[in-house]
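Subject: Structure handover

Hello,

Here is the structure for you to look over. My notes on it follow below.

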Amino acid sequence: EYKQTQKSEYDKKSELIYKDKIRFHQNLIKECDVSLGYLNIKLADTKQWVHNFKAFKAYLANQFLRVIEGLCNKFLVDLRSDIQVKWEGFKMKADGSMSERITPYVIRQGETRDFGSFSGGERARMEFALILTIRELINRAHPYGGLHFMFADEIFEGLDGLGLSHMMKTISELNYPILVTTHVTDSSLYSDIVTIVKENGI
């Protein structure tokens, strides 16, 4: 507007009005720059807090993973297994986001192996150790200590009679009652057996 006025017939009053407008907007720009600088500082602080919160969340999640890992490995020792498990997860990525993916590892004698490479009996021990871990976590979270009893329904069906016999002998040494249902009918399996037979639809 000021330049357009310069091209037209000279008008001192219009020139002064436009110069005032220019000064006003220059001051407004300076004020906006100050506000923008303040907002950028707030934004940086907020981003830092978000980063710190994500890092703290990852720390707490990984602490919980360590508890699960420790309990599971303790039960594997109790079940006379030389296998150990490890979980990794909740890592901060380069872009600041967090990966919540949990990756399990199975380790024997320092070597990481695939779960499927183990025998049926070894896999059964790992799975049972995980079940015992979940039970322990539930009991620890209960205000009165939970129930020291376990009911396992057909969790050893992949084992043969001998493997199941070894497994039952091992878990019988745990210090609380465990009821296991199975279709394996080897009577030499264990002494405390209740056999349920279906006859005439009953």
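By the rule used here, there are nine salt bridges. A salt bridge is a side-chain nitrogen of Lys or Arg within 4 Å of a carboxyl oxygen of Asp or Glu. Please note that this is a predicted model: local features need pLDDT of at least 70, side-chain atom pairs count only at pLDDT 80 or more, and totals for chains, interfaces and linings use all residues. Residues are numbered from 1 along each chain as its sequence is written, and side-chain values use heavy atoms, with hydrogens and water left out.

Salt bridges

One of them joins Arg108 and Glu122, with the closest N and O atoms 2.5 Å apart. This pair links distant parts of the chain: Arg108 is in strand β2, Glu122 is in helix α3, and 14 residues separate them. Helices (H or I, at least four residues) and strands (E, at least two) are DSSP runs, numbered from the N terminus. Arg108 and Glu122 are both buried. Buried means under 20% relative accessible area, exposed over 50%, and partly exposed in between (1.4 Å probe, protein chains only).

Helix α2 holds others. Asp20 and Arg23 meet at 2.3 Å, N to O. They lie three residues apart in α2, about one turn of the helix. Asp20 is partly exposed at 43%, and Arg23 is partly exposed at 45%. Arg66 bridges to Glu69, the closest N and O atoms being 3.0 Å apart. Arg66 is partly exposed at 32%, whereas Glu69 is buried at 13%.

Arg125

Arg125 sits in helix α3 (residues 120–141). Arg125 is buried yet has no salt bridge. The nearest side chain of opposite charge is Glu122, 7.8 Å away. For charge, Lys and Arg count as positive and Asp and Glu as negative; His and the chain ends are not counted. Beyond its neighbours within four places in sequence, Arg125 contacts Leu76, Leu79, Arg80, Ser81, His166, Met167 and Thr170. Contact means heavy atoms within 4.5 Å.

The sheet

Three strands form an open antiparallel sheet, ordered β1-β2-β3. Strands pair if DSSP finds at least two bridges between them. β1 (83–92) and β3 (111–113) are the edges, each with a single partner strand, so one side of each has no neighbour in the sheet. The twist averages 45° from one strand to the next. Nine bridges join β1 to β2 (residues 98–108). Among the facing residues, Lys86 stands opposite Tyr105, and Met92 has Met98 as its bridge partner. β1 and β2 form a hairpin with five residues between them. Gly96 in the turn has a positive phi of about 95°.

Helix α2 (residues 12–78) lies across β1 and β2, at about 175° to β1. Axes are lines fitted to C-alpha atoms, for helices over the stretch in contact, and angles run from 0 to 180 degrees between N-to-C directions.

Aromatics

The count is one aromatic pair. Phe56 and Tyr59 are stacked, 6.5 Å centre to centre with 20° between the planes. Rings of Phe, Tyr and Trp (its six-membered ring) pair if their centres lie within 6.5 Å; planes under 30 degrees apart count as stacked, over 60 as edge-to-face and the rest as tilted. Phe56 and Tyr59 are three residues apart in α2, about one helical turn.

His183

His183 is in the segment after β5 (178–181). At 59% relative accessibility, His183 is exposed. Not counting residues up to four places away in sequence, His183 touches Glu154 and Glu157.

Best wishes
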